[in-house]
Amino acid sequence: MNIAVCLNQVPDTSARIKIAPDGKGIDQAGVTYVMNPYDEFALEEALKLKEKFGGTVSVFSVGDDSFQQNIRKALAMGADKAVLIKSPVRDASDVAFVLSEAIKAHFGGTPDAIFLGKESTDFNDAQVGPMLAEHFDVPCVSVVVGLETDGKTAKLEREIEGGKEIVEVTFPFVLTAQKGLNLPRVPNMKGIMAAKSKPIETKEIPLASTAKSTLLNLDKPPQKQAGKIVASASELVKLLHEEAKVI
Amino acid sequence: MEAGLNRLSNNLTQKILAMPTVLVFIEQRNGQIKRASLESLSKAAELAQGGKVVAVLIGSNVKGLADVLGKYGATKVLAYENSAFERYAPTAFAKLIVKSVKEEAATVVLLASTAMGKDLAPRIGARLGAGVVSDAIDLKEENGKLIAKRYAYSGKAIASVVLESEVKVFSIRPNSFPVKDTHTGTAEVVVSTYNPETADLRDIVKEIVASAGKLDVAEADIVVSGGRGLRDPNGEGKQNWENLERLAQVLGGAVGASRAVVDAHWRPHSEQVGQTGKVVSPKLYIACGISGAVQHLAGMSSSKVIVAINKDKDAPIFQVADYGIVGTAEDVLPQLIEEFKKVVSHN
C-alpha cells in the first residue's frame, strides 16, 4: 500500500502571534514552526497501515527550505520519501492543485490513499483535503477519528455535531485526520539516523490559474477588557440577567 | 435629456450587476433545518439586494421544509429528494449544489460552517473553479467587492479576504449573523426526485452514532467548560464535574473542556474548546477552573459574554472575562446552580 501524506508546518500552538508591519503575515521573530498537529495524526495513521500491509509512505509539503526540519522529523517517524514543492501558492486552491500535480507525478497516477490533517492551525481553512479528492476524483472522508481496514475497504468514523458518522469507502480515498484518531509516535534514535539518508526531492510546479483569493490584511482580534470581579453567585446571575441580558 | 437617460440606464445596469444571485445550501438533519443555515439564508437575502435568493434542500423527504424558507428571504427553493439522501452523501450533495449554481447562474454560494458545510464548501469550490472562504464571521460589500472576515491562527488574528473568482463560495460560522424571518414573499418551490449514480454515493454515510442526546459545544448558545481546577472526575473532582453537567443542564447549554482535561482523558475530545479542539462563539461562555492558556483563549474569546470562575485571581482567563468570581469550583458551582435555577424558572 502506497500512501501520500501531506504535511504542513505551523507556528507552535503556544506561540503568541504578532502581525507583521505590512499586515499581510505574521512577525516571524521568536516563532518556532512545528509539524501541523493534525498532519501528525495523518502521518501516524499512514505509518500504521504501512506496518500492517507493507508499502511506502511519501510525504508532500508545499513551502520553502525551512520545511526541511519538519520533513526530516516525518522521515524519522518512518516515512520513506519526501517531496518539497516550492511554488508561490496564494491559497488553499493553489495548495491542493500543486499537491495533486506532485502526487500524480510521484506515483504515476493516484496513490492507494492520501492522508492529511483536517486543517492547518495557521489558516484553519479545512479545504485542501476535500479539494484534493476532487482533483483525483476519489471519495473523501473528513475529520476522521477512527479507521478500520482490511486493505480493500475502510470503515471510518468522522466527527460531527453531537456524534459520529460511519462511512465505508473503497481504496483509493482521501482522509483528513482529527485529534483522537491515534497517538503519534515520537521518532527514536534509529529513525533519526535512518532519516538522514532518505531522499527529499525538491520541485517547482507552476500555478494553473490566476489567484482565486486575495488576503487584504490581518488584524489583531478586538481585545477584551478585563471585566468585573463579583463577590457572589447571586450577584453574577443578577448581572447576567439584567446587565448582559444573556439569561 | 439624453444624458439623463443614459445616466439612468447606466445606473440601472450597475444596479443589475450589483444584484447577485445568491444560493444557500440549507442543511437539515432528521427533518430539522439547522439554525445556522437560516442565519446564512438571512444574510443571503441581505447580500442579494432584491436579487434572487435560491435555497437548496437535499434529503429523503424535504418538500415539507421548503415552504417556510420564504420568510427568511428565499425567492426560490430547489428541493432534491431521494431515499438515499436520508444521510449525508458528500459527492452527491456537492454535485447537486454545483448543478443548481450553474442552472441558476448564482455567483455567491453560502453554506453554514458545520461539519457538513465545511466538508462541502471546498468540494463545490474545486468543482466550480471557485475561491472559497471558510468559516466567515463577517461578509460585507465595499466598493462593489465582497469582503469576508475570518479568524486565522486559531483565533489569534482576523483575516480580511476577497475572492477573485466569478463564483464565490463562503462557509459561515454559526452564530455570526442574526436570523431574520420577516420577509413577506413566498418562495417558488421546485421539487425534483434525483436518482444518484453509484459513484455519487461512494462516500455516503452508512450510520450515525449519536452521543446520547448531548448538545454539541460548537452549536450551543451557552457553554459551561471545566478545566484542571475541577480535579479528577474519578476521584476528588467527581462532585465538581457532576455539578458542571448539572449547571449546563439548568442553562440548557453544552459542557466544554480544556485541553488539559481532555489530554488527561477526563473528558472526550469532542468537548474540547481551543486551538486543537473546537472554536465556539456562544452568547454565554462560563469557564470554571480553567486558567486560560493561549490555546484555550483562541477557541472561546469571541464568545459574546464570558464568565470566569477560578481560585487564582491572577489567572489569565480573567483578562478576557466580562465577569469573574474568585473562588473554587466546590464553593461556586452549587451556588450558581441554585441562583440560575431561580432566574431560569422565572423565564
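Buried area is the accessible area, taken with a 1.4 Å probe, that two parts lose on being put together, summed over both. By that definition, chain B and chain A bury about 6,600 Å² between them, and carbon and sulfur atoms give 57% of this area. On the chain B side, the residues that lose the most area to chain A are Tyr153(B), Arg202(B) and Tyr323(B), together 13% of what that side buries.

The model is predicted: local features need pLDDT of at least 70, side-chain atom pairs count only at pLDDT 80 or more, and totals for chains, interfaces and linings use all residues. Residues are numbered from 1 along each chain as its sequence is written, chains are lettered from A and ligands numbered from 1 in the order in which they are written, and side-chain values use heavy atoms, with hydrogens and water left out.

Counted by contact (heavy atoms within 4.5 Å), the interface involves 84 residues of chain B and 72 residues of chain A. Seven salt bridges are found between the two chains, a salt bridge being a side-chain nitrogen of Lys or Arg within 4 Å of a carboxyl oxygen of Asp or Glu. One salt bridge joins the side chains of Asp125(A) and Arg150(B), at 3.5 Å from N to O.

The side of chain B that touches chain A has 39 nonpolar, 22 polar and 23 charged residues. In this classification Ala, Val, Leu, Ile, Met, Phe, Trp, Tyr, Cys and Pro are nonpolar, Asp, Glu, Lys and Arg are charged, and the others, Gly among them, are polar.

Strands also pair between the chains. Strand β12 of chain A (residues 213-219) runs antiparallel to strand β9 of chain B (residues 157-163), with six bridges. Here strands are DSSP runs of E with at least two residues, numbered from the N terminus, and two strands pair if DSSP finds at least two bridges between them. Within this pairing, Asp219(A) stands opposite Ile158(B) in β9(B).

Chain B itself is divided into domain 1 (17-201) and domain 2 (222-346), with bounds from an automatic or database domain assignment. Their C-alpha centres lie 33 Å apart. Six residues from domain 1 of chain B and eight residues from domain 2 of chain B make the contact. The area buried between these domains is about 620 Å², with 46% from carbon and sulfur atoms. Ser154(B), Lys156(B) and Arg173(B) supply 64% of what domain 1 of chain B buries there, more than any other three residues. Between the two domains of chain B, zero salt bridges are found.

Key:
Helices (H or I, at least four residues) and strands (E, at least two) are DSSP runs, numbered from the N terminus.
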